[in-house]
Amino acid sequence: MLKARFNFGKMVGKGDFYDRDEEVKKLVKILSDNRSAALGSIKGMGKSSLAMAATEYITDKTVIWISLENVYTSLDLVQQLINGLHGA
């Protein structure tokens, strides 16, 4: 049975992530070099799945996830960063 190529509304990992190998490799390189990355696009384009796929290759570092979806002020950003650090 063929897998669906897109699974809207659900984050997928590297095993179910299609046609984004170059983007995953670039993001893995950025994160492995201890740099930060921010992914931006309209909703539903695979940002979270791309990040999830990349972080599955990084086993020697702690990856902190924060969502900027509801961040409107600097205080919102600080709160998201604190929440991300607590979850790490």
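Tutor: Let's start with a pair of side chains: Lys-43 forms a salt bridge with Glu-69, and their closest N and O atoms are 3.5 Å apart. The pair ties together parts that are 26 residues apart in sequence, since Lys-43 sits in the loop between H1 and H2 and Glu-69 in the loop between H2 and H3. One caveat: this is a predicted model, where local features need pLDDT of at least 70 and side-chain atom pairs count only at pLDDT 80 or more, while totals for chains, interfaces and linings use all residues. Residues are numbered from 1 along each chain as its sequence is written, and side-chain values use heavy atoms, with hydrogens and water left out.

Student: What makes Lys-43 and Glu-69 a salt bridge?

Tutor: The rule wants a side-chain nitrogen of Lys or Arg within 4 Å of a carboxyl oxygen of Asp or Glu. The N and O atoms of Lys-43 and Glu-69 are 3.5 Å apart, so the pair qualifies.

Student: How many salt bridges does that rule count?

Tutor: The count comes to 5. Among them is Arg-20 with Glu-23, at 3.7 Å from N to O. Another is Lys-25 with Glu-22, at 3.9 Å, N to O. Those last two residues both belong to helix H1 and are 3 residues apart, about one turn of the helix.

Student: Why is Lys-43 called exposed?

Tutor: The labels go by relative accessible area: buried is under 20%, exposed is over 50%, and partly exposed is in between (1.4 Å probe, protein chains only). Lys-43 has 72%, so it counts as exposed. Glu-69 gets the exposed label too, with 52%.

Student: Which label goes to Arg-20, and which to Glu-23?

Tutor: Arg-20 is at 22%, so it counts as partly exposed. Glu-23, at 35%, is also partly exposed.

Student: And what about Lys-25 and Glu-22?

Tutor: Lys-25 is exposed at 54%, whereas Glu-22, at 48%, is partly exposed.

Student: What makes residues 21-32 helix H1, and how do you know that the length works out?

Tutor: Helices are DSSP runs of H or I with at least four residues, strands are E runs of at least two, and both are numbered from the N terminus. H1 has 12 residues, so it passes. As for length, the expected span is 1.5 Å times one less than the number of residues. That gives 16 Å for H1, and its end C-alpha atoms are 16 Å apart, which agrees. Just after H1, Asn-34 takes a positive phi of about 60 degrees.

Student: Which residues of H1 are buried?

Tutor: Val-24, Leu-27, Val-28 and Leu-31. They sit on the same side of H1, because they cover an arc of only 105 degrees around the axis (directions taken from the helix axis to the C-beta atoms). The face turned away from that buried side carries the exposed residues Lys-25 and Lys-26.

Student: What do the buried residues of H1 pack against?

Tutor: Helix H2 (47-55). Take Leu-27: its relative accessible area is 6%, so it is buried. Leu-27 touches Ala-37, Leu-39, Leu-50, Ala-51 and Ala-54, not counting residues up to four places away in sequence. Touching here means contact, that is, heavy atoms within 4.5 Å.

Student: Where is Thr-55 found, and is it buried or exposed?

Tutor: Thr-55 is in helix H2. With 12%, Thr-55 is buried. Leaving aside neighbours within four places in sequence, its contacts are Leu-31, Val-63 and Trp-65. The C-alpha atoms of Thr-55 and Leu-27 are separated by 8.6 Å, although the two are 28 residues apart along the chain.

Student: Which residues make the nonpolar surface patch?

Tutor: Ile-64, Ile-66, Leu-68, Leu-77, Leu-81 and Leu-85, for about 490 Å². Patch residues need over 30% relative accessible area and no salt bridge; nonpolar side chains (Val, Leu, Ile, Met, Phe, Trp, Tyr) are joined within 5 Å, like charges within 9 Å. Leu-77 has 34%, so it clears the area cut-off even though its label is partly exposed. Leu-77 lies in helix H3 (residues 74-87).

Notes. Areas by Shrake-Rupley, 256 points an atom, 1.4 Å probe, with all protein chains shown as cover.
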